[in-house]
Amino acid sequence: MNNFDHYNSRDLPALRQSSRQVKSLLGTLNEFAEHQATAAGYPEGAVVTKTHTYRERSSAAAQRKRTAAFSSGSYPCSGCRVDYLKKLGEGAKSLYQCHHVLPLHDDTEERETKEKDLLVLCANCHQLIHSKLANLKLEKVQKLHRGTSAA
Ligand SMILES: [Zn+2]
Ligand SMILES: [Zn+2]
C-alpha cells in the first residue's frame, strides 16, 4: 500500500476537518507568539561603556567659530540655509555643529586648525556630510536642499 492508498482509505472529510483544525491552531499559536513579542518590547537602556580613540580637535577653534557665526542672532546653516537660530532663538545654538573641512585621519602629523577650516552646519547637514549614503560633500548637500540632483 503506497501513501495515496493510505490517505484514500481514510475518511476524506474527516481529514479535511483535521487539517483545518491544525491550520487554525497554528494561526492561533503564531498570533500568540507575535503578541508576546510585541507585548514584551525590546530591551533598551542597558549601560554600555564605549572606548573611542580619536585625534584631539581644538575645541577652542570650534568655540570661536561658533561664537562668530552666532554673533548676529541669525545663522543660516551652510548646508540647507535653514536659520534655526533666528527661528527658534538662543536654544537653537545647540542644533549647530562644527565640521572640520580637512579630515584629520588623512595625516599622521599634528596640524593647526584655522577657523577657515571649520564650517558651522545644522546637525542634520553635518550627518549628511559624514554619511556614506552618497558620499555627500558640502556642495552636494547644498544641491540636495536646492532640489537639484545631488548626484
Ligand atoms: Zn543644514
Ligand atoms: Zn564633521
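In helix α5, the residues Cys-125, His-126, Leu-128 and Ile-129 are buried; a residue counts as buried if 20 or more other C-beta atoms lie within 10 Å of its own, with C-beta atoms placed from the backbone. They sit on the same side of α5, because they cover an arc of only 160° around the axis; the arc is that of the directions from the helix axis to the C-beta atoms. The cover over these buried residues includes β1, β2 and α6 (138–146).

The model is predicted, so local features need a pLDDT of at least 70 and side-chain atom pairs count only at pLDDT 80 or more, while totals for chains, interfaces and linings use all residues. Residues are numbered from 1 along each chain as its sequence is written, and chains are lettered from A and ligands numbered from 1 in the order in which they are written.

The chain has 6 helices and 2 strands, in the order α-α-α-α-β-β-α-α from the N terminus on. Helices (H or I, at least four residues) and strands (E, at least two) are DSSP runs, numbered from the N terminus. Of the 151 residues of the chain, 13% count as buried.

The largest nonpolar core has 15 residues. Such a core is a set of buried Ala, Val, Leu, Ile, Met, Phe, Trp, Tyr and Cys residues joined through C-beta atoms within 7 Å.

Among the residues with the most contacts inside the core are Tyr-75, Tyr-96 and Val-120. Not counting residues up to four places away in sequence, Tyr-96 touches Arg-66, Tyr-75, Val-120, Leu-121 and Cys-122; two residues are in contact if their C-beta atoms, placed from the backbone, lie within 7 Å.

β1 and β2 run antiparallel and are joined by 5 bridges; two strands pair if DSSP finds at least two bridges between them. His-99 stands opposite Leu-119 in β2. Because 4 of the 5 residues of β2 are buried, this strand is largely enclosed by the rest of the structure.

The chain averages a pLDDT of 80, and 79% of the residues score at least 70; pLDDT is the predictor's confidence in each residue, from 0 to 100. Confidence is lowest in helix α1 (residues 3–8), with a mean of 56, and highest in α4, at 97. Where pLDDT is low, the predicted coordinates should not be read in detail.

Terms used: Buried ≥ 20, exposed ≤ 12 C-beta atoms within 10 Å, placed from the backbone.
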